[in-house]
Amino acid sequence: METDVSRPAFTQAPAPPPKDAPVVVDIRNLSTVFGSGADAFTVHKDLNLTVRRGEIVSLVGGSGTGKTVLLRHILGLTTPTTGTVTVLGRPASELSTAGAAARVGMLFQHGALFSAFNVLENIGFALQEQGTLPPALVRDAAMVKLQMVGLKPEVATRMPADLSGGMIKRVALARALIMDPPLLLLDEPTAGLDPNGSDEFCELLKEMHAALGLTVIMVTHDLDSLFALSTTVAVLAEKRVIIEGPPSEVVRFDHPFIHHFFLGERGRRAMAAVPAEHEEERVAVPAAKES
Ligand SMILES: Nc1ncnc2c1ncn2[C@@H]1O[C@H](COP(=O)(O)OP(=O)(O)O)[C@@H](O)[C@H]1O
Ligand SMILES: [Mg+2]
């Protein structure tokens with residue numbers, strides 16, 4: 001992998017929490033099957049994942065391996081075919097009802113802001129929807145979050161179309177954190193940002209994690225953010241989490257996907273180019289795809 005000397009060296013990823021820290025997300029024997037009969041398509045099979053308070057988990061895997069669907073399970077938006085998904089001690093399915101935003105913040109992959117709302121209205125949206133606070137207090141709370149993510153107060157009245165990519169991500173992060181959720185989910189948060197924007201966003205996430213005591217689960221393809229942020233890496237392959245552990249341990253795990261992924265640009269490009277339905281084939285014969 002090439003080293004860009006113009007980029008600042010990262011400080012270390014945060015220290016992992018104690019091994020007996022409370023469990024925030026517990027996924028047991030999860031299977032996810034879409035469709036039925038001849039059209040049945042299995043995305044997850046006997047998948048297990050445990051996330052403890054204070055962890056920053058990078059979820060990695062080839063395109064179409066079910067990373068986004070896994071986040072949707074944790075949000076309670078997708079129902080397990082079999083198995084259980086428990087979030088903060090309760091079934092994730094209970095989250096999709098009122099109050100979800102107070103427990104889990106989500107920054108979606110194509111996390112577009114509401115284009116008809118200004119920055120402050122976007123950030124305060126979930127609080128406004130809840131309808132328990134007068135508008136002036138919602139605005140105050142949104143203003144606090146705006147400044148927390150490093151944006152100046154004068155940005156508050158701008159419309160999304162007038163923001164840079166990095167600012168949009170910051171506003172989306174402030175929006176995800178408006179209800180002070182203990183758990184934050186991010187789907188490829190640095191995708192589409194240039195290297196500087198990506199570094200800045202990682203530093204911001206690290207600050208938020210420390211300041212707010214967050215637990216974070218992040219889907220990423222970006223090795224720089226993975227190494228800058230992760231206390232834990234979980235690898236999705238063969239429809240399950242094949243290994244979950246500290247980055248140093250995971251990179252040494254002997255599996256074709258892990259070799260490809262951590263080999264640098266070439267491995268990453270190869271991974272992105274292979275269609276999901278050839279996943280098993282590719283894992284079985286990685287050399288054939290290399291040449
Ligand atoms: N609601 C759905 N119905 C049917 N298939 C789906 C649905 N959601 C996702 N899939 C399929 O599940 C697989 C995993 O999707 P996804 O989690 O988005 O992959 P990725 O790991 O790239 O985020 C893909 O093949 C996708 O087409
Ligand atoms: Mg995805």
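# Briefing: a predicted protein model with ligand 1

The shell around ligand 1 is made up of 4 nonpolar residues, 6 polar residues and 1 charged residue. The model is predicted. Its protein chain contains 13 helices and 10 strands. Of the 291 residues in the chain, 39% are buried. Among contacts in the chain with a separation of 6 or more, 67% join residues 24 or more positions apart.

**Ligand 1 and helix α1**

- The shell holds 11 residues, and F34, G66, K67, T68 and V69 come nearest to ligand 1.
- Which helix gives the largest share of the shell? Helix α1, residues 67–74, supplies 3 residues and has that largest share.
- Helix α1 is largely enclosed by the rest of the structure, because 6 of its 8 residues are buried.
- Those buried residues are K67, L70, L71, R72, H73 and I74.
- After α1 comes G76, which has a positive phi near 80°.

**The open sheet**

- Four strands form an open sheet in the order β2-β1-β4-β5, and their pairing is antiparallel.
- Strands β2 (41–52) and β5 (90–91) stand at the edges with a single partner strand each, so one side of each has no neighbour in the sheet.
- Strands of a sheet pair through backbone hydrogen bonds, and the pairing is either parallel or antiparallel.
- β1 and β2 are joined in the antiparallel sense over 8 bridges, and T32 stands opposite H44 in β2.
- These two strands, β1 and β2, form a hairpin with 6 residues between them. In its turn, G35 has a positive phi of about 75°.
- Strand β1 (residues 23–34) also pairs with strand β4 (residues 82–87), in the antiparallel sense and over 5 bridges.
- Within that pairing, V85 in β4 is the bridge partner of I27.

- Is strand β3 (residues 56–61) mostly covered or mostly uncovered? Strand β3 is mostly covered, with 6 of its 6 residues buried.
- I56, S58 and V60 point one way from β3, while V57, L59 and G61 point the other way; all are buried.
- β3 pairs with strand β8 (residues 215–219) in the parallel sense over 4 bridges.
- β3 also pairs with strand β9 (residues 232–237), again in the parallel sense, over 5 bridges.
- V57 has a counterpart in each of these strands: I217 is its bridge partner in β8, and T232 in β9 stands opposite V57.

**The nonpolar core**

- In soluble globular proteins, nonpolar side chains tend to be buried together.
- The largest nonpolar core in this model has 71 residues.
- Which residues have the most contacts inside this core? They are L59, I74, V104, L185, I217 and V235.
- Leaving out residues up to four places away in sequence, V104 touches I74, L75, V87, L95, P181, L183 and L185.

**Helix α6 and R170**

- Helix α6 has 12 residues and reaches 17 Å from its first C-alpha to its last, close to the 16 Å expected at 1.5 Å a residue.
- The buried residues of α6 are K169, R170, V171, A172, L173, A174, R175 and A176.
- These buried residues pack against β6 (104–107), α3 (119–123), α4 (125–130), α5 (135–148), β7 (183–187) and α7 (195–212).
- R170 is found in helix α6, residues 165–176.
- R170 and L205 are 35 residues apart in sequence, and their C-alpha atoms are 9.7 Å apart in space.

**Helix α10 and F261**

- F261 lies in helix α10, residues 256–262.
- Why is F261 classed as buried? F261 is buried because 24 other C-beta atoms lie within 10 Å, and the cut-off is 20 or more.
- From C-alpha to C-alpha, F261 and H221 are 8.5 Å apart in space, and they are 40 residues apart in sequence.

Definitions and conventions
Residues are numbered from 1 along each chain as its sequence is written. Chains are lettered from A and ligands numbered from 1 in the order in which they are written. This is a predicted model: local features need pLDDT of at least 70, side-chain atom pairs count only at pLDDT 80 or more; totals for chains, interfaces and linings use all residues. A residue is near a molecule or strand if its C-beta atom, placed from the backbone, lies within 6 Å of it. Ala, Val, Leu, Ile, Met, Phe, Trp, Tyr, Cys and Pro count as nonpolar, Asp, Glu, Lys and Arg as charged, and the others, Gly among them, as polar. Two strands pair if DSSP finds at least two bridges between them. A residue is buried if 20 or more other C-beta atoms lie within 10 Å of its own, exposed if 12 or fewer, and partly exposed in between; C-beta atoms are placed from the backbone. Two residues are in contact if their C-beta atoms, placed from the backbone, lie within 7 Å. A nonpolar core is a set of buried Ala, Val, Leu, Ile, Met, Phe, Trp, Tyr and Cys residues joined through C-beta atoms within 7 Å. The expected span of a helix is 1.5 Å times one less than its number of residues.
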